[in-house]
Amino acid sequence: MDLALTEEGLLQKHKKERKELQAKIQILKKSICKGDKKKKKEVTEEIGRLEENLEKHQTEEWNEWRLAHVTLNDEEESGHVSEEIDKDNSCLEQPMQRVSKAQKRREKKAIAEKERNQRIIEQEALNVFGKRNLEIEAIKKILSERGLMIYEIPSDGHCLYNAVAHQLKVNGETPLSLHDLRMKTANYLRENMNDFLPFLSNPDSDNLLTFEEFEKYCTDVAETSAWGGAVELQVLSCILKCPIEVIQATGAPYIIGDQYTNGKRVTLTYHRHMYELGAHYNSVTNYVQDEES
């Protein structure tokens with residue numbers, strides 16, 4: 001790696017590499033024939049490997065660059081320490097020079113500080129180039145162009161319902177709690193079982209849910225912290241009679257319930273890498289109003 005690169009130059013280099021990878025990924029995706037599950041699986045695994053390799057490479061490159069610059073600073077400081085050590089040794093009356101306790105303490109402190117700096121560099125690199133941070137920055141950029149910002153929702157299994165509840169509040173709609181939304185969602189599912197059953201399967205067998213399993217699914221929606229996904233988004237759109245727009249880091253935002261044209265809209269952000277537990281929904285708020293408050 002060219003250590004003469006500035007920090008900004010390295011960031012631009014990595015940005016270009018990620019852009020080139022995205023282009024390659026699009027080509028791979030287009031190579032999948034419709035219905036070819038085997039090819040789709042192979043391409044998905046290949047994309048995962050490519051993303052992992054690039055992230056590892058860029059993290060190592062970032063660490064190397066930062067460590068080199070910290071090392072230069074350490075060497076300058078070590079020069080000053082050596083001068084002090086020489087002064088100490090010149091004062092010793094004994095013919096054979098020995099390492100003083102003060103020198104040992106200084107050397108031990110210098111080693112510990114260098115190790116600490118390296119750990120900080122490695123952690124900073126993970127934060128800057130990690131999937132979570134890259135995803136958040138991409139979503140923030142999309143929102144900023146609309147004068148919006150992320151409104152963070154706790155990651156407790158209720159994120160979809162709490163995000164929708166927050167949107168109703170900021171839009172001046174009839175307030176509904178997450179419990180209200182969960183109960184209404186479960187009731188709507190039960191009343192329209194035939195419309196949604198074909199889209200729900202048992203995670204262990206991939207078979208469609210039986211009537212008993214569907215009833216348990218609805219009970220979990222109403223009474224537990226079961227995570228909400230695509231089906232629940234569709235139901236919530238029908239209940240609220242308004243479109244729900246979901247903004248992601250990559251690709252165009254997708255809209256559920258675009259048949260509703262009454263001027264109402266719920267806007268959410270979808271995060272694949274925000275938490276280790278899995279995907280997450282956040283709400284949004286007006287950027288200018290938030291700052292003024």
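Tutor: Buried means under 20% relative accessible area, exposed over 50%, and partly exposed in between, with a 1.4 Å probe and protein chains only. C159 counts as buried because its relative accessibility is 2%, and C242 does so at 3%. This is a predicted model, in which local features need pLDDT of at least 70 and side-chain atom pairs count only at pLDDT 80 or more, while totals for chains, interfaces and linings use all residues. Residues are numbered from 1 along each chain as its sequence is written, and side-chain values use heavy atoms, with hydrogens and water left out.

The part to examine is helix 8, residues 211-223. Helices here are DSSP runs of H or I with at least four residues, strands are runs of E with at least two, and both are numbered from the N terminus.

F214, C218, V221 and A222 are the buried residues of helix 8. They lie on the same side of helix 8, because the arc they cover around the axis is only 95 degrees (taken from the directions from the axis to the C-beta atoms). E212, K216 and E223 are exposed on the other side. The buried residues pack against helix 5 (159-170), helix 6, helix 7 (193-196) and helix 9 (230-240), where contact means heavy atoms within 4.5 Å.

Now the aromatic contacts. Rings of Phe, Tyr and Trp (its six-membered ring) pair if their centres lie within 6.5 Å; planes under 30 degrees apart count as stacked, over 60 as edge-to-face and the rest as tilted. The whole structure has 3 aromatic pairs. One of them is edge-to-face, between Y188 and F196, at 6.1 Å centre to centre and 65 degrees between the planes. Y188 is partly exposed at 23% relative accessibility, whereas F196 is buried at 8%. Y270 and Y281 form a tilted pair, 5.1 Å centre to centre with 50 degrees between the planes. That pair joins strand 4 (residues 266-275), which holds Y270, to strand 5 (residues 278-286), which holds Y281. W227, Y270 and Y281 form one aromatic cluster.

Key. Expected span 1.5 Å × (residues − 1).
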